[in-house]
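These are my notebook entries on a single protein chain.

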Amino acid sequence: MSCKSKTTKGCIKPSNLKGNKEKLSKFIFDIPEGLAEGRLQFFFHCPLSELPIRDVLAHKTEPHIEIGAENYINCCYQPNNILPFLKSSKEKYLFLFTTCKSQSLKNHYNKRFIVGYIIKEDFIEYNGHFAVRGTTKLYSFKDAYPLERLFPNHKNIKNIRLKKLSHAETKKLLDHFKRKNNILQDCIEEIKRSDKNNKTCLGKKCSYQQECLRWNQRK
């Protein structure tokens, strides 16, 4: 979850389902690569990990990379980022970025990096809100893209939590990551080691357990 508070800031209340079905019909997934744009979505990094995983120590559930989703169990910036992204006829890539909190990574500590992305291929409706779901790719901080490099003229880079990206900005990021190694599975193994009590997942209550990379490889 991206929000600092434990509340689902900016989310649709579970009791307020009126209009949700209408939103479903407006979600768009078939986007030509030549038009593809993206969005940024911030998450909190786990300070004890050198890998770009969510802060499971603070029980953050998003991005829920185990099933390739964002805003699944908890949601944040739902009406002003996730829903517009799902309904966009041009936006295809949800780029995940964070502030590196691993003090052992001296060259990266306390700096912001775009560490991967989710391709918009599907959605999940859960508990009155929606999640983006699709192929997910994550990269080490060494291979990540510095946020300040994407916005060299931005006056206060630390204030960015979400942002719509142009086609040119999207292509720049995709071209960068083409030459990098996807460490998604390493990140999932790190989540499993760091969240031994499964505080950041639904466990047996999850409808996607059979597809979940966190569970389907357990012996």
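The entries below take the basis of the values, then the salt bridges, the helix and the pocket.

**Basis.** I worked from a predicted model, in which local features need pLDDT of at least 70 and side-chain atom pairs count only at pLDDT 80 or more, while totals for chains, interfaces and linings use all residues. Residues are numbered from 1 along each chain as its sequence is written, and side-chain values use heavy atoms, with hydrogens and water left out.

**Salt bridges.** I looked up the total and found 13 salt bridges in the structure (a side-chain nitrogen of Lys or Arg within 4 Å of a carboxyl oxygen of Asp or Glu).

I then took up Glu91, which pairs with Arg39, the closest N and O atoms being 2.4 Å apart. This pair links distant parts of the chain, with Glu91 in strand E3 (residues 91-99) and Arg39 in strand E1 (residues 37-42), 52 residues apart. Helices (H or I, at least four residues) and strands (E, at least two) are DSSP runs, numbered from the N terminus. Glu91 is buried at a relative accessible area of 2%, and Arg39 is buried at 10%. For these classes, buried means under 20% relative accessible area, exposed over 50%, and partly exposed in between (1.4 Å probe, protein chains only).

Next I looked up Glu211, which forms a salt bridge with Arg133, the closest N and O atoms being 2.9 Å apart. Glu211 lies in the segment after H5 and Arg133 in strand E6 (residues 129-133), 78 residues apart. Glu211 is partly exposed, with a relative accessible area of 44%, whereas Arg133 counts as buried at 14%.

For Asp143 and Lys142, the closest N and O atoms of the salt bridge are 3.2 Å apart. Asp143 counts as buried at 12% relative accessibility, but Lys142 is exposed at 63%.

I also noted a network of salt bridges that links Arg54, Glu66, Asp195 and Arg214.

**Helix H5.** Which residues of H5 (residues 184-194) are buried? I found Leu184, Cys187, Ile188, Glu190, Ile191 and Lys192. Strand E7 (136-138) is included in what covers them.

**Largest pocket.** I recorded a volume of about 300 Å³ for the largest pocket. Of its 16 lining residues, the closest to the centre are Thr99, Asn110, Lys111, Arg112 and Lys158. The elements that give two or more residues to the lining are E3, strand E4 (112-119) and helix H3 (147-150).

Key
Contact means heavy atoms within 4.5 Å. On a 1 Å grid over the protein atoms alone, a cavity is a set of points where a 1.4 Å probe fits but cannot get out, and a pocket is an open set with protein on both sides within 12 Å along at least five of seven lines; lining residues have an atom within 4 Å of a point. Grid points are joined across faces, edges and corners, and a volume is the space filled by probe spheres set on the points.
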